[in-house]
Structure formats: C-alpha cells, structure tokens
Amino acid sequence: MKLSHTIALLLIFSLPSLAQEKEKSDTTKVKVKPDFRPTGVRFGTDAIALVKSQYDKTYKGWEFNGDIDFHRYYLSVDYGHWARTYLSEGDSSNYANTGNYFRAGVDVNFLKNDPDRNMFFVGFRYGVSKFSEQYSVIVKDTLWGNYSGTYNNTNVNAHWLELTTGLRVKIWKMIWMGYTARFKFGLSTGSTPTMLPHDVPGYGLAEKDSYWGFNYQIFIRIPFRKLPTVPPEK
Amino acid sequence: MKKAVWFTFLAAIAISCLNNPDCFRLNNGEFGINFRVMGFGADNSVVDSATIVGTNIYVKSEIPSSIGLPLDPLLDSLKYNFYWEGDSSDVLSLGYTSQIQFVSADCGERHVFGGLTVLNYSFDSISVYSTTPTNPSSVNIQVFRCARPNLFGLSFKQRVTSTTTKDSTVIIKSITPNFGDPIIFQGADTSRKAVYIPLNKEIDSAEYVFDFGAAGTRMLVLKYDTQEKLWAVKSCGTTTLFASIKVSPRTTLVAETKDYKFLKQTTSDPAILNLEVIPK
C-alpha cells in the first residue's frame, strides 16, 4: 500500500476527533496552561499475540507495551518476541526464526478534554529487531539438478518506522483496553549474503515494502498523581 | 461518518491479512543478452545457441539478436560459450550473487540473483545494462560488435508492367570485383534473388563482373563517398562508412537507368538491400 493511501487512512481515523473539535467550536474555550508532568504509567500486553500463540502452530510470541503521559503526548515503548516455524508437506523444507524486537515513539491524544484521559491517538514508532533464522531445504531442480542445504542468518539486525493510530479506553479502575493499528515501512536489514530474511520479528514479511500490524491490548495504569481537572465547558 | 470509519478500519485489517504470497514467478534466475552493432542498432547476425561450460545445458536462441540464459543458484560465476550461425563462437564469463529466500510453506523458496558482473569476454565490447535479472527476463547485458558496413545489397527484379516489378531469381556463377577475391556461387547457391557485395574502402569506386553462366557476363560499376569514423571503443578502431552510392554509366548490368532503383544510398551493418536491378 502506498504511503499516501496510508496517510489518508490515518486521517480518516482521526476524523471523529476533528469532528468533535468542530462541534465544540461554538463554545467558549478557557485557556489552561498545559501540565506536562506525568500522571501515571500504563503497562500492557498484546492479547492477539497471546491468543495467536495458542491456536497458530507456526507462531509463538508475546509483546509488552508501556506508555507514560506528558499532557496529551505519550512516550510509548513496546518490547516483544516472536518465533515462527514452517514445515512443508513431505518435510522437504523447514523454516524457523526467532527474535526480539523493541519499538519506541510518541502518540498524540486527540481527545483533549476527556476527564479519564481516554485516548484516540496518532503517533509514530521506530522499531528495531534482532533475530536469527534457519532454512533447511531439499530442492528439486530440473535444470541444475537436485540439491539440499541448510542456510542460516544469525543475529541479524533490522529496523523500520511505523505510523500508528488507535484507541485506549478506561474499562474499570486501573484496567484499560485498546487497539493499535500500525503501518510499518522503511524496513532495513543487516547483511545476509546467502539467505534473504523471510520474516522479521516485530515487522513481518521482509519482502514487503510496507506492512500492516494490529494489536489488541490490555493495560494496567499505575497513577503517579491525580489527573488534572478538565476545565468546565460553558 | 461512523460507517466510514468502520469500513476503513475493517479494510485495513483485511489488507493486513493479505500476507500470503502467490507462487508465480518467484525466481529471477534468467538474464538477457542483447546483441548490437556499434553505432547501428540491433545485430541481426544470428546467435544460434549457447552452452554453459561444465554442464550439459544448451540454450537455443529463439529471438533474433537476443538470448536468455540461466544462472546457477549454487555458484557465483558461470562461463558461457556462444555459437554464431557459421562457425564462429564467443565466450563470456559472468559473476553474480545468489541468495535463497523462504517464501512460504506452499511456495517453498526462491532464489534472488543480482550483482551481474562481466569477468571475461571475447566480444568486441560489452556493457552491463542492469545488474539485477528480472522475471520475466529482460535485457541485462548488451554485447556490441564493431561495425563493418562494407556490404552493398543488390536484389534482382523483373518487369511486370511499365511501372511495376516483381522478385526475380537469376543464376549467378560468380561475382569478381576489381579488388579482393571473387565470390563463387556453387550448387543451389547459384540461384539467387539477392546478393551482397563488398565495397572497396581504399578508393571511391568498385567494379564487379557478374558471371551469369550461359547468359553471359555483365559489369556493375559503383561510385561512392567514404568517411572514416573513429569509435570510442579501442578494439573497433576506425570504420569506413559508405555514402552517396551511385551506379556508374559504365555499368552493363542494366540496359538503361530506369532498370535500377536505389532503396538506400548508404550501407549499413547488418547489411541491407541498397539497389533493385532488372538485369539486361
């Protein structure tokens, strides 16, 4: 998908918040100096990764997420692991990879006046991954003849960028839920002379110039201090 | 608005699920060579076939002036022999990179080739046009032959009406120029619709005696301008170009000037038909 399409998509996602702004344009705004002191930290995990690890035999993974607020800006970090295993019919090939990844970036909350600090956000991430993969194969080649081989990529570094959007909603007391849609692009991997990477943990298929990712997350929010009161609307 | 947002959201999810690659055209294991004549374009002198040294692989050329050749995924260089129509041959040693990539459990793997590098060759000149083969294959390497535009093409016609002609086959035993060796035709080769005769680059004219056997002999005298062209490629040196070719009045091959027609008054490489004649 082209980058321009993705930006359009992210803008469409952000339309509800823009509409909200318009609806309130006829009210009198009270200017309050923003308080950039953090009010709490959220820790969470990706439910999709946990569920997928149970039912998808080719995938094992988990991801932890965290963010901390600075007024309407959130410093977000993600740390995860995934491993994939594919065995072809007749055992003629076997692919396996495993690796950890880390993402960091900033989300901007467009729900400015929500008293619970629920979020509709747009943001970006910089992702890095370190992974290893192995491919064993018996190739039947009518031109050059049959051959077999085992190929390895060990401790390969990769990095990429993401545009993100999503929701964070307070469910009950400290429990929050939300989703994050990620448009990943600009993947760059380290040197792999004999085998091109197939799957980059945290990114996905390496041959794709861009990639969509989706997390459904459950968070616990640990407050540092009381949320600043939202100014009353007139 | 809500519907639009949901639609967009679901579309994004659907797109994210389109991860399964198709297994069609995974490899780029064939590169293309295009044969050209320096300064003249495609080389129609036909490369008949190519073989890969150390293998039994034989590739027959199916497109004039081009050939597609395979790359071995387990090696990083190959040596190709090229056989031209006639007895000549050429050699090309090529280096490249090959990387395997797992695609999916259904598709298996693919080989990604790149970094085409010419290591050695016997052609006049060679140029790597694109270092990465594509699928379907396209031109990666251009091979240049030094131009030799010294052949003059002559086709024989017979008059149908006062304004129209048709192809004619004539019996020719030999053509003897006033320079160099005579051109001898034997057997079935004597029956010809066209001939290509060399021009003399040393002077600005050439004479040819056509031996039509029982029909006797006739003479063709050509006059022309010559021009030396120096090529940037050292191995080609200079080439003599022939232009403004005219039929001299001393010619006895035709009865009168209306019995010949110039198609082109300059020569080319590969040779083209320059003149149509209705022999006397």
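Start by selecting residues 73-87 and 93-109 of chain A: these are strands E3 and E4, and 15 bridges join them in an antiparallel pair. Strands here are DSSP runs of E with at least two residues, helices are runs of H or I with at least four, and both are numbered from the N terminus. Two strands count as paired if DSSP finds at least two bridges between them. You're looking at a predicted model, where local features need pLDDT of at least 70, side-chain atom pairs count only at pLDDT 80 or more, and totals for chains, interfaces and linings use all residues. Residues are numbered from 1 along each chain as its sequence is written, while chains are lettered from A and ligands numbered from 1 in the order in which they are written.

Now click on A:Thr85, and you'll find A:Ala96 of E4(A) standing opposite.

Next, show helix H2 of chain A, residues 47-55. H2 packs on the sheet and touches E1 (40-46), E2 (59-70), E3 and E10 (210-223) of chain A. Touching means contact: C-beta atoms, placed from the backbone, within 7 Å. The direction of H2 makes about 170° with that of E2(A); axes are lines fitted to C-alpha atoms, for helices over the stretch in contact, and angles run from 0 to 180 degrees between N-to-C directions.

Zoom out on chain A. Eight strands close into an antiparallel barrel, in the order E1-E2-E3-E4-E5-E6-E7-E10. From one strand to the next, the twist averages 25°.

Over to chain B, which has one helix and 22 strands. Its radius of gyration is 28 Å, well over the 19 Å from the globule rule for 280 residues, so chain B is more spread out than a compact globule. (That radius is taken over C-alpha atoms, and the rule is 2.2 Å times the number of residues to the power 0.38.) The C-alpha atoms of chain B fill a box of roughly 90 × 55 × 40 Å along the principal axes.

Colour 24-145 and 151-277 of chain B separately: these are domain 1 and domain 2, with bounds from an automatic or database domain assignment. Their centres, taken over C-alpha atoms, are 37 Å apart. Eight residues from domain 1 of chain B and seven from domain 2 make the contact.

Last stop: the open antiparallel sheet E15-E14-E18-E19-E20 of chain B. Strands E15 (183-184) and E20 (238-247) stand at the edges with a single partner strand each, so one side of each has no neighbour in the sheet. Inside this sheet, select E14 (174-177) and E18 (205-211), an antiparallel pair with four bridges. There, B:Pro177 stands opposite B:Tyr208 of E18(B).

Note on methods. Two residues are in contact if their C-beta atoms, placed from the backbone, lie within 7 Å.
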